[in-house]
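Open the model in your viewer and keep the selection tool ready. We will go stop by stop, from one residue out to whole chains and then to a contact between chains.

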Amino acid sequence: MKFSYFPGCTLKNKAKDLDRYAIRSAEALGISLEEIENWQCCGGVFTTARDEIATKLSSVRILKAAKDKEQDLITVCSACHNVVKQTNNAMQNDAEFSSKVNRYMASEGGYDGSTTVYHYLEMLRDIVGFDALREKVVKPLSGKKIAAYYGCLLLRPGSVMKMDDPENPTIMEDMIRAMGAEPVIYGNRNECCGGYVVMESPELAKKKSGDVIRNAKAQGADMIITACPLCKYNLMKNGADVPVVYFTELLAEALGVKEDTNE
Amino acid sequence: MQKITKEQLIERASALLRDGTVNHVLGWAQGEFDYDITPAVFSDESSLTGNFVWNDFCGANFSKYLVSKCRTLEGKILVFLKPCDTYSFNQLLTEHRFDREKVYAIGIPCEGMADIDKVKAICGDGISSIDCSGEKLSVTSIYEDSPISVNTADVLTERCVNCKSKKHVAYDELLGDEGDILDSARFDEVAKIEAMTPDERFAFWQNELSRCIRCNACRDVCPACTCEVCVFNNPKSGVENKAPANSFEEKMFHIIRAFHVAGRCTDCGECSRVCPQNIPLHLLNRKFIKEMNECYGEYQAGETVGSKSPLTDYTLEDLEPGEVFDRGDINA
Amino acid sequence: MQRIGVFVCWCGSNIAGTVDVVAVAEALKKEPGVVFSTDYQYMCSQAGQDLIVSSVKEHNLTGLVICSCSPRMHEATFRKTAQVAGLNPYMVEIANIREQCSWVHKDMPIGTEKAIILGKAAVAKVNLNAPLTPGESPVTKRALVIGGGIAGIQTALDIADAGFPVDIVEKKPTIGGKMAQLDKTFPTLDCAACILTPKMVDVAQHENIRIFSYSEVTDVKGFIGNFDVTIKKNARFVNEDICTGCGDCVTKCPQKKVPNEFNLGMDNRSAIYIPFAQAVPKVATIDPAHCTMLKTGKCGVCSKVCKANAIDYTQKDEFITERYGAIVVATGFDPISMDKFDEFAYNQSKDVITSLEFERLTNAAGPTAGKLLRPSDGEHPHKIVFVQCVGSRCDSCAEKGKEYCSKICCMYTAKHAMLTRDKYPDTEVYVFYIDVRTPGKNFDEFYRRAVEEYDVHYIKGMVGKITPEGKKLMVRASDLLDGKQLNIDADLVVLATAIEPDKSARSLATMLTASMDTNDFFTEAHPKLRPVESPTAGVFLSGTCQGPKDIPETVSQAGAAASKVIGLLAKDKLKGNPCVASSDELMCNGCSSCEKVCPYGAITYENKEFRMPDRTTRVRRVASVNPAVCQGCGCCTVTCPSGAMDLRGFMNEQIMAEVDAICK
Amino acid sequence: MNKKYLREDIIRMSGVNPKKCMRCGKCSGTCPAYDEMEYHPHQFVSMVESGDIEPLLESDSLYRCLTCFACVERCPRGVEPAKLIEAVRLTAIRRQGANRLTPNDIPAMLDDEIPQQALVSAFRKYTK
Amino acid sequence: MQVKEYKPLIVAFCCNWCSYAGADLAGNNRLNYPADVKIIRVPCSCRVNPMFILRAFQRGADGVILCGCHPGDCHYTSGNYFTRRRMAMLFSMLDFLGIERERTRVEWVSAAEGAKFAATMNDFVTQVAALGENKRLEDLRCKK
């Protein structure tokens, strides 16, 4: 099965692990991710202002590239996913916005919002299936107590992201179970790590990330997984004394495809 | 040219007659001319092979005939339904107008029907035969030595140009391929009239409706007009049939008719097809459909059986009649 | 042809001051059908009425037009007059030449001209009037109450006390409803069980009341005075008549791990159970989903221990059909599910509970025997946070919650807070509120006591997030008045959940053709003037099925519904409004359009045989209007495409004639 | 700028109807950046509603919102305060020379690990 | 020769429970409105068939106004909601045919709104009078 794949800027730089383990694991699951050609940055954040058009064009182009290949689109970075999905939603539901966008893009052909966007996790759940995943696991992570950290971008706004119940998500926990480990449910898993505000206010990030780590540990976690490079950065920088890893890395480990990619 | 052939239809109908699945076939029969097709009931194979036709002039929507035929014919009736006909079929079922058990419906694909007036406009009068079997229509005329070739697309009836659906919404059996619901431009003409000034609109309709001869063909063919007694035939209704004496009489007829079918009209276009005066009557129905879609949400009569039409429904937040006027162009 | 008499009233100078009444009488004489026309000073006086009666006799009149004040004033008077004169009362039409003519116009010629036109319209209508007789239907003197909570109990008792037999249908094994689960009641703090259970006993002992517990209504046919209702008695595998309620089976049942719904799953019960000690009827019920005997055929302990031999594993569901004159809906409410509100961590921690769960935790018959202990570890909580408005007052487009105020939460939260502080003074109690709504007798005083005497911390602001951490619940909330964000490490959090109508109400409404609002609360026939009646005649509303209510309101509404039922059942026959719709079967298409717009469910369809001109018969589906149910709005007449449906007293022809007379 | 025009502009840009707010404060009860803010989410809603926007435009609170959408998700009235804050922030930085962040500021903020994503996002949020 | 001042003919359909009572209240309070308005009582605004309105126009009415209970206050709970849809559709059809939209109106008048009734009628009569005689909808044979 083939999908268009959008890695995004950070996955080619500071978060190479997120990227390469995603591709490796997908292959092991029989899915081939075809990276979109000449992609541009998603935009980093989705500007909710309805009159911001130009800043969202690069996301529209990503969506259009997948549509031109008649493929569904898969993203893995939480931020990219949030931006691309929200942009797609605006293209589908905000007629004024989509007509303005299409006027900008007249020369390259329009886009109608028809691309289906999956986050890598959704691909695991909806396309591969967690039962099928369980069967492919060669190194069950038994005995590990893993806390899934969703952050804010994967789940919210719930009406747009539609990934899972924004207050009581289960998608990563189900994945953890499928990999043979025990998920740790903790309240702050969908609270913000501090995000990009770390640039201006490292104290805020410290406090927020600290809350997440403390809560996860208090509930018994000995490892935290995430889908977002910025979350990982904030957690690591702010005193995480348990490992914080990308979920794809853990997946690759369970699927037995981690070692051979060691560089 | 139709993708499915007459022979295929006859073969299937014959088979169903033979094995006793059905006792009658409601189909199209040859009239005086090739383009003059009439609905007919066939009850044996020989009459099928002799008279059954299927070509680019088989516009007639048989749904309405089921109301009377189910009452008068014994046994089960096979009916051929083009995609647009199936909407009327469902709508009549919604209104409990015939017994579904007595009907065997075969959905057939339709490539659009030709308008004989458009053919005549190209080929002139004196058409002696039309061959619909090729890519193009081949029209033989008594005034021309060789047949004239006409592009089907150029002579499609208005309703087929703006075809709303190639998808059947009801059938027991489907012959040929299923199509899709289309994105038609059927409301463009209505919007054009809406854009006129009231005086222009009045003049437009004055011109159109004053040609009405009250022949009642529109009513008689309309699959929504299946009343046991039509109000225009009922002396107690206060609007019983009268010859038109001036401009208002026929306007009243057409407003009342349009209102009576509002929310039930599937936009099959039969009214305009049969109007001998070529009055674009379907525009009145489309005006209601457009208005209801815009004010109360998209609704396609006949899409499902048992649906509630916008006029037998309401919400607490509906627009006031005044707001309906003032809502402006919501499409802008 | 009618013989119409016209009577023009002066109303002293009220009419005669601006309308030339003599000219009006004279002008109307020329109208078709009019054989007599006169004027008089006060037509409504005894002398005026006598004049009408004698004129009817003298001129052999068949119809009357009274040109006078508004029909809303004296239509009934003149109809009686007509009856005295031997005419059908519906052969009278009023031309309103006072309120709608002489009083609003100043100029005599103009007033006179308009009065004549109004008179002509009335004459035109009377020409087409036909005698109307109100339909009569018998009344079955038995009522059905659906739901056995406090609303149903009170309604049933009141009806039964008036001497009419009542059946209560309750889907649970016992009556009592939500009130039976409560601990204390606001604002008096008397114990719910102490005031409810005697009433339950009254119900059980009342000679006019039958209880169908563990039962549900599955079908309703008929109309006011004559509802045929099918009741399904679910098999409880215990013979109700024999069971003594001794409880031996309950004690001995080996399957004891069934979540106890009466305690909202906070403890367990056995597979054979009696919901609570004061249950009515006090008989055991076997839960087939958990009974080993019913599931595997092996066990039979209860049967062995039962001295009364009441256990019957072969019992089947039983269907009973009864006829009732009136139906009272008292289906009550449920707290909404907290699944979509997990920012409050209800699914993450046992120590986040709903208010109803809190009631059980403080109830002496509850899972902790009345000690307030944390469900997670059984420890005493020292810091409790109450959150109000959880799921209430939400935006309609929000995907969770209800748009309305649930009404009772402010008061019961105050009660919970106060009781907690009273019993456990070492406990800190916080209440987060948006508004505290206390309209009701002694309500605000009660709330103020909680604040002032019991030192409950009321904080204006909403809780945004609850994070379980270790043994604590970290509550993040805003304090809007102090402009602070608070972080409280609570031991227990109580959510004042919104309430919603019981889930069974929707299907019941369909059976009853009773209308509901978008929230599935039953709608009233009139929100102000007929608040305990459903628009469907003969169906009455009691308690929270109609909208959120507290106990006193529920009880008073229950009494009101009962009095309406008694009023109905006291009649031997029902006289309807004769101005009802009727369908001309020969013209009816059977298309169901009219049925869709009828707010009363008065229209049904039947397949009727018609004789055709060729002597064959044909069966056709046609509409038929039940005159006992139709209220005469006429909505169906306009929806009917063929014009088969018409409204007596306001027929198409009559209104057209009025239009013609006015526009002539 | 005219006060009324400013208010309308922000409402149009955000697509938020501040009138729907019932003043429950849940947005501020859930906001992770609350303590860093001078004006809190519920104040953004009520101050925009009353047209008192200038103080907001000048406040650093604009740059403390994490756009985590917690307020959007949890608002019982569907008001979406984060969108309103975003509109006010854009109104501020779209003014001449009002960019919050310039490339020159960046080196001081960097460390070896910081992901590109943080830079891109911050630029999006803090500059025109 | 006497030149007759143009007086529009207005037919007002009023529901029995709210608007007819509102008209009575206007009378009780002696609130003037033109005598050109003639009221026909119907049980509910939903009883008014579009045919009645067309018939009035056909017979020479210059304006037709339909008054009912306010939405939510219908004596029959839902009648006026159907009226609202039906009349919205009928009026927009008349407009589509080029008939002056000012000749038709729906107004919700409660039993307490006598003043509103009178004001509405004054306003409507002025509005229709400004249009002049109804020519577009009239059947000349029916006029004597």
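Predicted model: local features only at pLDDT ≥ 70, side-chain atom pairs only at ≥ 80, totals over all residues.

**Stop 1: one residue in chain E**

Select E:Ile40, which sits in strand S2 (residues 37–42) of chain E. Residues are numbered from 1 along each chain as its sequence is written, and chains are lettered from A and ligands numbered from 1 in the order in which they are written.

Is E:Ile40 buried or exposed? E:Ile40 has 22 C-beta neighbours inside 10 Å, so it counts as buried. The cut-offs are these: buried takes 20 or more other C-beta atoms within 10 Å of the residue's own, exposed takes 12 or fewer, and partly exposed lies in between, with C-beta atoms placed from the backbone.

Which residues does E:Ile40 touch, leaving out those up to four places away in sequence? Show C:Ile655, C:Glu658 and C:Val659, then E:Val11 and E:Phe13. Contact means that the C-beta atoms of two residues, placed from the backbone, lie within 7 Å. Now pick E:Leu54. From E:Ile40 to E:Leu54 is 14 residues in sequence and 15 Å in space, C-alpha to C-alpha.

**Stop 2: all of chain E**

Zoom out to chain E. Count four helices and four strands. Follow them from the N terminus: the order is β-α-β-α-β-α-β-α. The radius of gyration of chain E is 15 Å, close to the 15 Å of the globule rule for 144 residues, so chain E is as compact as a globular protein of that length. That radius is taken over C-alpha atoms, and the rule is 2.2 Å times the number of residues to the power 0.38.

Buried residues are 71% of the 144. Take the contacts in chain E with a separation of 6 or more: 83% of them join residues 24 or more positions apart.

**Stop 3: chain D**

Select chain D. What does its secondary structure come to? Chain D has eight helices and zero strands. Its radius of gyration is 15 Å, close to the 14 Å that the globule rule gives for 128 residues, so chain D is as compact as a globular protein of that length. Of those 128 residues, 55% are buried.

Colour chain D by domain: domain 1 is 3–95 and domain 2 is 101–128. These bounds come from an automatic or database domain assignment. The C-alpha centres of the two domains lie 24 Å apart.

**Stop 4**

Select residues 215–223 of chain C, strand S11, and residues 226–233, strand S12. They pair in the antiparallel sense over eight bridges. To count as paired, two strands need at least two bridges found by DSSP. Find C:Asp219; its bridge partner in S12(C) is C:Thr230.

**Stop 5: a sheet in chain A**

Move to chain A. Four strands form an open, parallel sheet in the order S6-S5-S7-S8. Strand S6 (182–184) and strand S8 (244–246) stand at the edges with a single partner strand each, so one side of each has no neighbour in the sheet. Three bridges join strand S5 (residues 145–149) to S6(A). In one of them, A:Lys145 is partnered by A:Glu182.

**Stop 6: where chain A meets chain D**

Show chains A and D together. The contact takes 37 residues from chain A and 32 residues from chain D. H10(A) gives the largest share of chain A's side, four residues.

Note on methods. Helix = DSSP H or I, 4+ residues; strand = E, 2+ residues; numbered from the N terminus.
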